[in-house]
Amino acid sequence: MRAAGGSPSRRTVLRAGALAAMGALVGAGALGCGSRFAGTRLTLGTGGSQGVYYTLGGALADAWQDGLGLAEHPVVRPTAGSVENLALLAARSVDVIFSAADVADAALTAASPPGRAPRALARIYDDALQVVVPADSPITRLTDLRGRQVSLGAADSQVIVAANRLLTAAGLNPAKDLSASTLGIDESVVALRNNTIDAFFWSGGLPTGGLTGLAAVRPIRLLDLLPVVPAIRARYPVYDVGTVPAATYGIPAPVTTLFVRNFLLVAAELPDDLAGGLVAAMFAERDRLVRASPAGRAIDTRSAIGTQPVPLHPGAERFYRSAKEYD
């Protein structure tokens, strides 16, 4: 495929660069049946089965098996989300995880010894904090959740961390001012559809498949978070301000919300060549990720290195230096 004027498109050049970098990092044999990584077994910690983590995780596992010549398909493990994923990574129960920046930041601080702290392969995409209510609900602000049945997200997820911060910024005590439950995205979708909760919190890519499916059978709205933005940003600068576009899930107008960067993380001791190979295979198969989820469009070498406050894994750094030659 060529862009106007006969020059190769940036996507084509990037894929060629990723393939070249992958060959340099892991050896030509890694692209075929003689891969040095053939015996490597990988488990990827994702999220709920209706979330973007899980969807992209399946596409990544396919890309890694093909790109690294793995004899066994990586295990895609559904989880509650970032908090559980980081605990699993610290326990060495998984090899690669998705995590939001706010939770990863806390994990870095708590890591003991510091050498056990996670390292980043890439910034993947940004999660939007989404507070979901039925379209015909009288709830229009966070303060209207007082006395309501509300799911704050799964107990070991990033969602519940963000939900508690948002409610506190709105002047609500999550333990006293509402009837809170801790449902994951899959259970929250079912509960709202069946009228057993009035609202739920979610943090995920736009659009999230579970919410798209919900909106198809029961129209929904998202609460505008503008009233709490100043308080949240003052205390937690890790969050960015943005909008959910009109027509997302059928909403009639743009909604102000907060975004948090989303990373692909590994243990610091993961071998450099394997870490570099994982990143190279991800970029070489970026089109596969885009087909799996619109969030895949955000995966780009220019933004992928923005993993602060989590340091890049040395193997990932080596890939990005190599890929620059082809960018």
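Colleague: Which residue in S10 does Ala 100 stand opposite?
Modeller: Asn 262. Keep in mind that this is a predicted model.
Colleague: How do S3 and S10 pair, parallel or antiparallel?
Modeller: Antiparallel, over 5 bridges. S10 covers residues 255–267.
Colleague: And S1 with S3, parallel or antiparallel?
Modeller: Parallel, over 2 bridges. S1 is residues 43–45. Gly 45 stands opposite Ile 97 in S3.
Colleague: Which way do the S3 side chains point?
Modeller: Val 96, Phe 98 and Ala 100 point one way. Ile 97 and Ser 99 point the other way. Both sets are buried.
Colleague: New topic, Leu 56. Where is its place?
Modeller: In helix H2, which runs over residues 52–68.
Colleague: Is Leu 56 buried or exposed?
Modeller: Buried. Its relative accessible area is 1%, against a cut-off of under 20%.
Colleague: What is Leu 56 in contact with, leaving aside neighbours within four places in sequence?
Modeller: Phe 98, Ile 124, Tyr 125, Leu 289, Ser 293, Ala 295 and Gly 296. Phe 98 takes us back to S3.
Colleague: What separates the C-alpha atoms of Leu 56 and Ile 124?
Modeller: 9.9 Å. Along the chain, the two residues are 68 residues apart.

Conventions
Residues numbered from 1 in each chain as written. Predicted model: local features only at pLDDT ≥ 70, side-chain atom pairs only at ≥ 80, totals over all residues. Heavy atoms only, no water. Buried < 20%, exposed > 50% of the residue type's maximum accessible area, 1.4 Å probe, protein only. Helix = DSSP H or I, 4+ residues; strand = E, 2+ residues; numbered from the N terminus. Pairing = 2+ DSSP bridges. Contact = heavy atoms within 4.5 Å.
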